[in-house]
Amino acid sequence: MKTWTICRRELQATFGSVVAYILLAVFLLLSGYFFYSDLVFILLMADFTPIAGLWQWVFLDLRLVTLLILPLVTMRLFAEEKKLGTMELLWTYPVRDGEIVAGKFLAAVAFFLFMLLPTSIPIGILYWYQPFHLEPLLVAYLGLVLLGVAFIACGLFVSSTTENQVVSAMVTYGVLVFFWFLTWNEEAANQAALRVLLGLSLFDRFFNFTRGVIDTSDVVFFTLFISFFLFLTWQSLASRKWRGVP
Amino acid sequence: MISVAGVTKRFGSFTAISDLTFEVGSGEIVGLLGPNGAGKSTTMRILAGVFPPSSGIARVAGFDVVAEPLRARASVGYFPERVAAYLDMTVRSYLDYVGRMKSVRRAALAGQTDAALQACGLGPVAGRIIGSLSKGFRQRVGIAQALTGEPKVLILDEPTAGLDPEQVAEIRDLIRGLKRDRTVVLSTHILTEVESTCDRVIILHRGRIVAVDTPDNLNRKIQRAGRVVLEVNAPVAAARTRLQTLPGVVSATAQAHAVDGAAVFTILVERDRDVREQIAMAVTESGWGLRELRTVAFSLEEIFLALVQEDTANDLGKAGNEDLDHLSA
């Protein structure tokens, strides 16, 4: 109930600000452009069946746009409340810390899903001209949603540690890019270490989904990643008990 | 309505408040008074549920803030030292949101918001965005926020800080107007504010309670206080004993820092009595060198704190002196 109240206020604040519309516009522009250029590339350059290979290209690009946009969505979630001083008020209302975390998390997830909706328009048009199997596409979307929600959980935690929104966004970029680059320097890592790093890399986990493959271990990994950062956020709120309130 | 027993709050190695014990009865208005850093805000945050005490028991409306935090919070309205509200919301939608957060039933929500708007004189600006309001109005929004949900207890942390005199008077009237059915704890470092609003005063100093009294008694103590600073070339203990036997002297406290072997005393004297000549005579009769003798004007707060030292341990008295220096600087 309180979760819903917080979530609703959060969405009102998001859509009441011009920032939300700029983020939506940039996301649509970039994702639309990538879809167009990937489609053209597949049709003109590649000599394999167009549709099966297309989702890999499109969703690997969407991944980048999502990485660019989501930290800018999550940066204000707690940082703004801390800056305004409203965080202290929230703590005096009969509401659990868990409900505060859940409300803000759900609001950001709802915004992300709303942001993804229009990406189905060009795909729908393509389907109208050239029907294709839907399953691989849906799996790719599932992967993108899991990846985005993981970004949100991470961004939510970082936002709870600072009252500066720019710091919040930059540190989130840092953490997420680190999880991406973990496996880039394959030559430097020995085989045993590489296996562990591959296991932790958000983007390698995501790659399977873009190929239309659901691996249970990938789903479990994302679920654990999300739960871990939500738990950290919850702990971060609780730290006022020994650190005090600025 | 409020019961605090042996409450201590530590942040790491820093002790913000230490072993506080007090009670506030139903319908009472109690002021927390003390210099900055005395522990007022920490005490109020514990009562409001922001964080739990490190040890001791705090109860609000019968609910332990640690064991039943949600029920305790449900009976408290809190106004933080740093006035805060969502600047992008209208006054009305903000108060509606606060009502929902405080579990006000849907049917009662509109009525509650209207009542809070009216009590705080916010009717004319109900539809305005909070970010566009003046400081005085934002302060009222903060108080309306505390009143929402009709809590039995109000915790107001410096409700008049930073307002112009006219606004201060309005806020005080507002608080006094609440009196009948609400228990109020408010903090301030302005003594006159306590006099005009509170039934009882709790004086905090360095995280401890140094006095609990009515404003009238407080006033009486202040009425008879004056202060003289004496620098004398003499053994500290002997000089203190001699000074304290003088008629009209309330207390003599040696300051921690001596100058060239000379002792510096802060002497509290009864009001309307100039004992400087008697002090000078006593010093010369004892064969000590008199270096400086002057009266010092104090604000009410300083006089009160100085008086309090009389009743407390010696080391606390010295600590108090450092604080007085800090205050007058």
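Author: Happy to! Let's begin in chain B, where strand S4 (residues 55–60) is joined to S5(B) by two bridges, the strands running antiparallel. This is a predicted model.

Reader: What makes S4(B) and S5(B) a pair?

Author: A pair needs at least two bridges, and S4(B) and S5(B) have two bridges, so they qualify under that rule. You can find B:Val60 opposite B:Phe63 of S5(B).

Reader: Which strands make up the sheet, and in what order?

Author: Four strands form an open sheet in chain B, in the order S2-S1-S4-S5, with antiparallel pairing.

Reader: Why are strand S2 (14–24) and strand S5 (63–64) of chain B placed at the edges?

Author: Each has a single partner strand, so one side of each is left without a neighbour in the sheet.

Reader: How do you know that strand S1 (residues 2–11) of chain B pairs with S2(B)?

Author: Seven bridges link them in the antiparallel sense, and the cut-off is at least two, so the pairing stands. B:Ile2, for instance, has B:Val24 in S2(B) as its bridge partner. These two strands form a hairpin with two residues between them, and B:Gly12 in the turn has a positive phi of about 60°.

Reader: Now chain A, please. How many helices and strands does chain A have?

Author: Chain A has 13 helices and zero strands.

Reader: What is the radius of gyration of chain A set against?

Author: A compact globule of 246 residues would have a value near 18 Å; chain A has 19 Å, which agrees. Its C-alpha atoms fill a box of roughly 60 × 45 × 30 Å along the principal axes.

Reader: Finally, what makes up the contact of chain A with chain B?

Author: Chain A gives 22 residues and chain B gives 24 residues. On the chain A side, helix H1 (2–15), helix H5 (86–90) and helix H13 (240–243) each supply at least two residues. That side divides into nine nonpolar, seven polar and six charged residues.

Conventions
Residues numbered from 1 in each chain as written. Chains lettered and ligands numbered in written order. Predicted model: local features only at pLDDT ≥ 70, side-chain atom pairs only at ≥ 80, totals over all residues. Contact = placed C-beta atoms within 7 Å. Nonpolar A, V, L, I, M, F, W, Y, C, P; charged D, E, K, R; others polar. Rg over C-alpha atoms; globule rule 2.2 N^0.38 Å.
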